[in-house]
Amino acid sequence: MENKSGKEGYTSKIPRISLFYRAMRIATLLLFSCSFSALADSTKFHAESVQQDKSEVQITGTILDETGEPIIGASVKVQSTGTGTITNLEGEFKLNVPKKGTIEISYIGYKTIKMVINEERNLRIVMESDTQALDEVVVVGY
């Protein structure tokens with residue numbers, strides 16, 4: 001058995017890699033390089049979002065009625081963004097608000113409250129019942 005090296009019986013110790021495996025290696029390298037690129041972009045995005053978060057503050061609060069009972073399911077919205085939440089079973093809520101932002105609190109049968117968020121981070125809000133709105137409710141029975 002003679003090969004190009006001129007030595008009889010000589011076989012290469014280096015294994016030959018098929019074209020398929022070479023293509024798979026190249027594809028894997030491309031995939032990893034794209035993944036690292038996406039990871040770098042996401043860290044950049046995360047850094048930008050952290051900078052934006054500095055302009056927002058998290059507020060918490062409790063919404064009560066005139067008798068001191070918690071109002072369950074009251075709507076708390078940030079006016080400029082339209083984001084919001086509702087109160088839990090204890091009348092409590094948490095919300096991220098832009099500094100000097102305005103929140104709007106509303107619930108059926110109560111007057112809507114609008115308030116500007118200054119330095120307060122833990123709010124206690126008492127809602128006043130709106131008897132005029134209750135006069136407008138029509139109940140139909142069959």
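Author: A residue is called buried when its relative accessible area is under 20%, exposed when it is over 50%, and partly exposed in between (1.4 Å probe, protein chains only). The other word to have ready is strand: helices (H or I, at least four residues) and strands (E, at least two) are DSSP runs, numbered from the N terminus. This is a predicted model, in which local features need pLDDT of at least 70 and side-chain atom pairs count only at pLDDT 80 or more, while totals for chains, interfaces and linings use all residues. Residues are numbered from 1 along each chain as its sequence is written, and side-chain values use heavy atoms, with hydrogens and water left out.

Reader: How do you know where confidence is lowest and where it is highest in the protein chain?

Author: We look at pLDDT, the predictor's confidence in each residue, from 0 to 100. Helix 1 (residues 19-53) has the lowest mean, 54, whereas strand 2 has the highest, 93. For the protein chain the mean is 75, and 58% of the residues reach 70 or more. Over residues 36-40 pLDDT stays under 50, and the model gives that stretch 0 contacts beyond four places in sequence. A contact here means heavy atoms within 4.5 Å. Where pLDDT is low, the predicted coordinates should not be read in detail.

Reader: Which residues of strand 2 make up its covered face, and which its uncovered one?

Author: In strand 2 (residues 75-78), Val76 and Val78 are on the covered face, while Ser75 and Lys77 are on the uncovered one.

Reader: What makes strand 2 and strand 3 a pair?

Author: Two strands pair if DSSP finds at least two bridges between them. Strand 2 and strand 3 (residues 84-86) have 3 bridges and run antiparallel, so they count as a pair by that rule. Val76 stands opposite Thr85 in strand 3. These two strands form a hairpin with 5 residues between them, and Gly82 in the turn has a positive phi of about 85 degrees. Strand 2 is also joined by 4 bridges to strand 5 (residues 102-106), again antiparallel, with Val76 opposite Ile105.

Reader: Why are strand 3 and strand 6 called edge strands?

Author: They belong to an open sheet of 4 strands in the order 3-2-5-6, with antiparallel pairing. Strand 3 and strand 6 (113-116) each pair on one side only. The twist averages 15 degrees from one strand to the next; for such angles, axes are lines fitted to C-alpha atoms (for helices over the stretch in contact), and angles run from 0 to 180 degrees between N-to-C directions. Strand 5 meets strand 6 over 4 bridges, and Ile103 has Met115 as its bridge partner there.

Reader: Why does Ile105 count as buried?

Author: Its relative accessibility is 0%, and the cut-off is under 20%, so Ile105 is buried. Ile105 lies in strand 5. Leaving aside neighbours within four places in sequence, its contacts include Ile63, Val76, Ile113 and Ile125. Ile105 and Ile125 are 20 residues apart in sequence, and their C-alpha atoms are 9.1 Å apart.

Reader: In what sense do strand 1 and strand 7 pair?

Author: Strand 1 and strand 7 are parallel, over 5 bridges, whereas strand 1 and strand 4 are antiparallel, over 7 bridges. Ile63 is partnered by Ile125 of strand 7.

Reader: Why is the aromatic pair of Tyr107 and Tyr110 called tilted?

Author: Rings of Phe, Tyr and Trp (its six-membered ring) pair if their centres lie within 6.5 Å; planes under 30 degrees apart count as stacked, over 60 as edge-to-face and the rest as tilted. The count by this rule is 1 aromatic pair. Tyr107 and Tyr110 are 5.9 Å centre to centre with 45 degrees between the planes, hence tilted. Tyr107 has a relative accessible area of 33%, so it is partly exposed.

Reader: What is the phi of Lys100?

Author: Lys100 has a positive phi of about 60 degrees although it is not a glycine. Most residues other than glycine have a negative phi. Lys100 lies in the loop between strand 4 and strand 5, and its relative accessible area of 57% makes it exposed.
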